[in-house]
Amino acid sequence: APARIAPAARGRLELYRSIAERDAKGMLALGSAVLDAKDAQPDALWRRFALLAAMLGAHAGGEAEKARKLWSEHAPALYPDGRMAPHVAYLANWGS
């Protein structure tokens, strides 16, 4: 069955798996891959999810600077009006 899963869906499942397994490196790598995709850009909600997963992975892996860099590179496009849920604001300001 996995061979019949569309590549885009497979990528999402891989990110979900890394989160479920608490795999910090996987969360950072797979979340970043979604954000860095140049071809078919996923919807904003998925990109927001990927940003938070990548940032959590960076923090969990002891790479707070990478989390800050991800936020500064991607948040302006994903949160253009600056409005965000409290958990997003908390993550954005973690370690500031």
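**A walk through the helices**

D36 lies in helix 2. Helices here are DSSP runs of H or I with at least four residues, numbered from the N terminus. This is a predicted model, in which local features need pLDDT of at least 70, side-chain atom pairs count only at pLDDT 80 or more, and totals for chains, interfaces and linings use all residues. Residues are numbered from 1 along each chain as its sequence is written, and side-chain values use heavy atoms, with hydrogens and water left out.

Stay with D36 for a moment. Its relative accessible area is 41%, so D36 is partly exposed. The cut-offs are simple: buried means under 20% relative accessible area, exposed means over 50%, and partly exposed is in between (1.4 Å probe, protein chains only). L15 sits 21 residues away from D36 along the chain, and the C-alpha atoms of the two are separated by 14 Å.

Now take helix 2 as a whole. It has 13 residues. From its first C-alpha to its last it reaches 18 Å, close to the 18 Å expected at 1.5 Å a residue. The expected span is 1.5 Å times one less than the number of residues. Several residues of helix 2 are buried, among them A24, M27, L28 and L35. What covers the buried residues of helix 2 includes helix 1, helix 3 and helix 4.

Step back to the loop between helix 1 and helix 2, where R22 has its place. R22 is exposed, because its relative accessible area is 76%. Its phi is near 55°, a positive value in a residue other than glycine. Most residues other than glycine have a negative phi.

Next comes helix 3, residues 44–60. It has 17 residues and reaches 24 Å from its first C-alpha to its last, close to the 24 Å expected. At its start, a side-chain oxygen of D43 reaches to within 3.1 Å of the backbone nitrogen of L45. Helix 3 is followed by G62, whose phi is positive, near 75°. Buried residues in helix 3 include W46, R47, L51 and H59.

How do helix 2 and helix 3 pack? Their axes are 7 Å apart, at an angle of about 145°. Axes are lines fitted to C-alpha atoms, for helices over the stretch in contact, and angles run from 0 to 180 degrees between N-to-C directions. The crossing of helix 2 and helix 3 is left-handed, meaning that the near helix is turned anticlockwise from the far one by less than a right angle. Residues of helix 2 including A24, L28 and L35 meet residues of helix 3 including W46, L51 and A58. Contact means heavy atoms within 4.5 Å.

Helix 3 also meets helix 4. Their axes come within 8 Å and cross at roughly 165°. The two helices are therefore roughly antiparallel to each other, a term for angles over 145 degrees. Helix 3 passes helix 4 in a left-handed crossing. On the helix 3 side, R47, L51 and M55 are among the residues that take part, and on the helix 4 side, L70, W71 and H74 are among them.

End at H74, which is found in helix 4. Is H74 buried or exposed? Its relative accessible area is 10%, so H74 is buried. Not counting residues up to four places away in sequence, H74 touches L35, D36, R47 and L51. That brings us back to D36 in helix 2.

Definitions and conventions. A polar contact is a pair of N or O atoms within 3.5 Å; within protein, one must be able to donate a hydrogen and the other to accept it, and residues adjacent in sequence count only if both atoms are side-chain atoms. Angles under 35 degrees count as roughly parallel, over 145 as roughly antiparallel, 65 to 115 as roughly perpendicular and the rest as oblique.
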